[in-house]
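The following paragraphs lead through a protein model, from its overall division to individual residues.

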Amino acid sequence: MIILNKISLKFSLWFLGAMLILEVFLFFFLHTSIVNSRIEEELQALQARGNSHRDVLEDAYNKETLHHIALMESKTDTEVIITDLNQNVIIASSKLDKAEEQVISHNIKDVPYSGSVLEDRWRSEKYISTVTPFSINENPKGYVYMFRSTDQVQNLISRLNHHFLAAAIITITLLIICILFLSKALTTPLIQMKKATEKLSKGDFSVHLPDMGDDELGELSRSIKILAADLKHLKEERVEFLASISHELRTPLTYIKGYADVARRKEIKKIDRDLYLGIIYEESEKLADMIKDLFDLAKIDKNTFAINRVQVELCSFLHSIYDKVLPVFKEKEIEFEIHCSHSLTVMVDPMRFKQVVLNLLDNAIKYSLPHTKTEIFVKREKGKVLIEIKDEGYGIPKEDLPFVFERFYRVDKSRSKDSGGTGLGLSIVKELIEAHDGNINVKSELGKGTTFLITIEEMTE
Ligand code: ADP
């Protein structure tokens, strides 16, 4: 059962309208040309018959021939009237009626030897007729009039009309059936997609769309599926993110609350109170750090933070960072080197890019033991600039590597927390690098060290 919805109804009506107009034109032209050629044939046949009577008359003009012709015609559905030059009837195949009398009463002049059509208005007149002159011994002698009743022609045409009508009814019925199926076939995928997007807008991301091939509809269906998957992922990410935030904020707050509760007791010793206050201070600082990081991420997410890219000479930029952080490395007895001697210009936001490098160096310090080495390498590779930050620290287990850029992801939770990690640093680094149209990757081997690789576009004149 075909149920028409708005779009298929609209489509069907348009299509049907267009096809009907086309069909009416086609049928009209076909009908007129068939009718015209039928009439033409009839007239030619009538005239040919008149001409053959003339030939017979010219061969043997006598009473017998005249009778013979009249007799012959009286047995057919055509009529013959033979007149003299003044159009007085010599002989006729049947009794003349008014219409015939009227035709032969018209003056005719200069009729060609091959004859001519006298009446071809088959719709309004009683007869179609032709006339052929005949001569005896080269002297014009008279005319052969041929008549054919238009009733027969009209019958013929009306039969033709019936055929046309039947053909039209069959074609229109077939057309309507075709259109219904076609419109259903075309609009079903559209309706499925409409339902899918409605489901999406209501927050239901379980979209099931059949494979719709390689055409535009197929592409649209694939895009909707991708959109649904993306939205689902985003929703899950948001839920996860909110859960992580509340979890991450709750832990330091529990400490703060607990130690504050103990610290405010009167009987507590000053030395213990100072210890508790120290812990409260530390935890508050962690909270402040985390909130700052979250704020940074929120700004990146909302695209409200502006990246002010300017031309930066990369090596001197990295050297200035190196000079600043070297004391921290020295304090932790980690060797720190930079290898950058090329002249490389990049377009970066110095503040944000510094944040990236500092974050990575900070991790290298946090996750390395004393007497190891951290190095910065800068290379030019395939028209791009590659910055490597390599440490000889704890390394990251293989199974954790794909997730280190995710928010709140920490490999070793206790170690990261001890070192004041929030699990947000690398996700901020990744977002910032991507905002610079760059790329960041990580290579690591447990117990050997970790290398972060940043690729950005080199500025060329
Ligand atoms: P955190 O604030 O915990 O350092 P990050 O997002 O900066 O958060 O890093 C995520 C996790 O990746 C860290 O908890 C740590 O386990 C691991 N990690 C990051 N950098 C390094 C490194 N250089 N060496 C070893 N592990 C690292």
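Helices and strands are here DSSP runs, of at least four residues for helices (H or I) and at least two for strands (E), numbered from the N terminus. The model is a predicted one. In these terms, F408 belongs to the loop between strand 10 (384–391) and helix 9 (413–418). Its phi is near 65°, a positive value in a residue other than glycine. With a relative accessible area of 8%, F408 is buried. A second case is E333, which is not a glycine and yet has a positive phi of about 55°. E333 sits in the loop between helix 7 and strand 7 (335–339). Its relative accessible area is 45%, so E333 is partly exposed. As background to both cases, most residues other than glycine have a negative phi.

The wider layout comes next. The domain assignment of the protein chain gives domain 1 (2–156), domain 2 (216–301) and domain 3 (310–457). Between the C-alpha centres of domain 1 and domain 2 there is a distance of 102 Å.

How do the helices pack against one another? Two packed helices are described by the angle between their axes and the distance between the axes. Helix 1 (residues 6–59) packs with helix 4 (residues 150–201) at an angle of about 160°, and their axes are 9 Å apart. Angles over 145 degrees count as roughly antiparallel, and helix 1 and helix 4 are therefore roughly antiparallel to each other. Their crossing is right-handed.

Two residues of helix 1 can be inspected in turn. E41 has its place in helix 1 and, at 44% relative accessibility, counts as partly exposed. The C-alpha atom of E41 is separated by 14 Å from that of S116, although the two residues are 75 residues apart along the chain. N51 is also placed in helix 1, but this residue counts as buried, at 15% relative accessibility. Not counting residues up to four places away in sequence, N51 touches S114 and T132.

Helix 4 also packs with helix 5 (residues 216–263): the axes come within 11 Å and cross at roughly 15°. Since angles under 35 degrees count as roughly parallel, helix 4 is roughly parallel to helix 5. The crossing of this pair is left-handed. On the side of helix 4, the contact is made by L186, P189, L190, M193, A196, T197 and L200, and on the side of helix 5 by L217, L220, S221, I224, L227, A228 and L231. In the loop between helix 4 and helix 5 one finds G213. G213 has a relative accessible area of 31% and is partly exposed. Leaving out residues up to four places away in sequence, G213 touches G218 and R222.

Helix 7 passes helix 8 in a right-handed crossing. From helix 7, the residues L314, F317, L318, I321, K324, V325, V328 and F329 meet P350, F353, K354, V357, L358, L361 and I365 of helix 8.

Which residues touch the most other members of the largest nonpolar core? Among the 50 residues of that core, these are L314, L318, F353, L360, L361 and I376. Helix 7 (residues 314–331) supplies the largest share of the core, nine residues. Both domain 2 (216–301) and domain 3 (310–457) give residues to the core, so it lies between them. L361 touches I321, V325, F329, F336, T374, I376 and I389, with residues up to four places away in sequence not counted. A second, separate core has 21 residues, including I69, I91, F134 and I157.

T374 lies in strand 9 (residues 373–381). Is this residue buried or exposed? At 0% relative accessibility, T374 counts as buried. Its neighbours within four places in sequence aside, T374 is in contact with F329, I334, E335, F336, E337, L361, A364, K390 and D391. F329 and L361, both in this list, also belong to the contact between helix 7 and helix 8.

Key: Residues numbered from 1 in each chain as written. Predicted model: local features only at pLDDT ≥ 70, side-chain atom pairs only at ≥ 80, totals over all residues. Heavy atoms only, no water. Core = buried A, V, L, I, M, F, W, Y, C linked by side-chain atoms within 4.5 Å. Buried < 20%, exposed > 50% of the residue type's maximum accessible area, 1.4 Å probe, protein only. Domains from an automatic or database assignment. Contact = heavy atoms within 4.5 Å. Axes fitted to C-alpha atoms, helices over the stretch in contact; angles between N-to-C directions. Parallel < 35°, antiparallel > 145°, perpendicular 65-115°, else oblique. Left-handed = near helix turned anticlockwise from the far one by under 90°.
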